[in-house]
Amino acid sequence: MTGYVRPRDLDEALATRAAHADWMVLSGGTDLMVNANHKPIPTGILDLWRLGELCFVKVEPASIAIGAGTTWTEVQGHPVIADRLSPLALAAREIGALQIQARGTLGGNVGNSSPVGDSLPALLALGAELELASVRGRRRIPYSDFCTGYRKTALAADELIVAAHIPVPAAGTKLAWRKVGTRRAQSISKVMGAAVITLDGDRVVSARIGLGAVADRPIRAAAVEAAVAGQKLSEAGDAARAAMRSSIKPIDDIRSTATYRREVAENLVARFFAV
Amino acid sequence: MKVAFELNGQPVTVEASPWKRLLDVLREDLRATGTKEGCGEGECGACTVMMDGEAVNSCLVAVGQCDGRTLVTVEGLATGDVLHAVQRELVACGGAQCGICTPGIAVCAAHVIDRGLVAGVDDATARVRVRELLAGNICRCTGYQLIVDAVIAAARSVQP
Ligand SMILES: Cc1cc2nc3c(=O)[nH]c(=O)nc-3n(C[C@H](O)[C@H](O)[C@H](O)COP(=O)(O)OP(=O)(O)OC[C@H]3O[C@@H](n4cnc5c(N)ncnc54)[C@H](O)[C@@H]3O)c2cc1C
Ligand code: FES
Ligand code: FES
């Protein structure tokens, strides 16, 4: 018999998580339920779908908090996210198709921590912090410290993801998102990324660039960020391309060769600086 | 476990493992075989049903998650003998051939139309939008053109 708990509140969810470390934590199921009828039956299910304390968007002047249970349909439909955190809203629009977006959640994308998770480069570039909770208490960690390797995360065995806290970029910041896949919708990314670029007139003061599908985990493009700082915007694209060329080791797999991915990644970062 | 939900307006109760796919509960336990399985991976949309007003892939829903929720399948789109506008237009436009994808297309398109997601735009924009909104429904037969025709015609008949 498979155990099943649909917690009334977060406290019950955390207590269940602590008591049953071997249970599956299930949210929208769009990762976990793929081919479910051919998978081993879980010992138990902790069902977080629509848990009230995880389904919210809270807008404050300096930061926006998005609950882990928020779906991609809800993220893309939120006017403030679309306006101030556009890379995340645009990523949400390209995750799977309508049916996947209605069930797939932010917490699930973060928890699954795939190198091709589309929201993850946006969280990196936007400087998001994750709020984690367990019966032991709550903590916050920068998203950049969360994914520690190929599908490895800093989440403890008794913890749940509660929310992402995202600082609102200052007005005038250049925001960009781009995904390259085999078709517009429902495709796994070849390369995707997000950029948050601080400008002073026509000069790049600093840039944060998150990339996915170019390494075993989502990464910041540190070499590109260093190369563009202080450059004129019109010249930053070429600088970004050159820095990209020498700094990544993309994966070589059945979907694309490393050479192809590198070239696409170069074009992608160069375009972030298009005037 | 015992799972109770509303299916096409009727209360139903099933005894099933919470891990069983909603798709299998519909087809095997409730004999509501309108909903089809294509891929079992969330890619094809043949298994699309409405859950609490959203179009979802029933192959990716664990039935335990359905307790207390409201479900609509292709069997619930018509009102008595009167088909939903999109069902009527799929027939009229020739938007169905082998029919495997059709229940999922009908449910997803009904959601798109009933939510007004293609209302108030010109035909060219509506066609692009329909293709994007139905991108999670794969059809091996029709080439999509006639499906898009049917969805637009249905949308126009509801909200001109
Ligand atoms: C056809 C298809 C297309 C897809 N396309 C894309 C795409 O284009 N881009 C993309 O990025 N992804 C894509 N995905 C993957 C998936 O939809 C996303 O990763 C989605 O965000 C997962 O959310 P979920 O709630 O469904 O996760 P689930 O499957 O419920 O869970 C995923 C993981 O996260 C963990 N988890 C969930 N919530 C929490 C929490 N609150 N605390 C701790 N752990 C948690 C689970 O334990 C599990 O390990 C696709 C999937 C399918 C089937
Ligand atoms: S059977 Fe569910 S999406 Fe294909
Ligand atoms: S009619 Fe055959 S798959 Fe669409």
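Student: What makes K58(A) and E60(A) a salt bridge?
Tutor: This is a predicted model. In it, the side chains of K58(A) and E60(A) come to 3.3 Å, N to O. The cut-off is 4 Å, so the pair counts as a salt bridge.

Student: Why is K58(A) called partly exposed?
Tutor: Its relative accessible area is 48%.

Student: Which residue forms a salt bridge with D52(B)?
Tutor: R69(B) does, with the closest N and O atoms 3.4 Å apart. D52(B) sits in the loop between β3 and β4 of chain B, and R69(B) in the loop between β4 and β5, 17 residues apart.

Student: Is R69(B) buried or exposed?
Tutor: R69(B) has a relative accessible area of 11%. Buried means under 20%, so R69(B) is buried. D52(B), at 40%, is partly exposed.

Student: What makes R8(A) exposed?
Tutor: R8(A) has a relative accessible area of 70%. Exposed means over 50%, so the term applies. R8(A) meets E12(A) in a salt bridge at 3.1 Å, N to O. E12(A), at 24%, counts as partly exposed.

Student: How many salt bridges are found over all chains?
Tutor: A search of the whole structure finds 22.

Student: At what angle do α9(A) and α10(A) pack?
Tutor: The angle is about 150°, with the axes 8 Å apart. Angles over 145 count as roughly antiparallel, so α9(A) is roughly antiparallel to α10(A).

Notes
Residues are numbered from 1 along each chain as its sequence is written. Chains are lettered from A and ligands numbered from 1 in the order in which they are written. This is a predicted model: local features need pLDDT of at least 70, side-chain atom pairs count only at pLDDT 80 or more; totals for chains, interfaces and linings use all residues. Side-chain values use heavy atoms; hydrogens and water are left out. Axes are lines fitted to C-alpha atoms, for helices over the stretch in contact, and angles run from 0 to 180 degrees between N-to-C directions. Helices (H or I, at least four residues) and strands (E, at least two) are DSSP runs, numbered from the N terminus. Angles under 35 degrees count as roughly parallel, over 145 as roughly antiparallel, 65 to 115 as roughly perpendicular and the rest as oblique. Buried means under 20% relative accessible area, exposed over 50%, partly exposed in between (1.4 Å probe, protein chains only).
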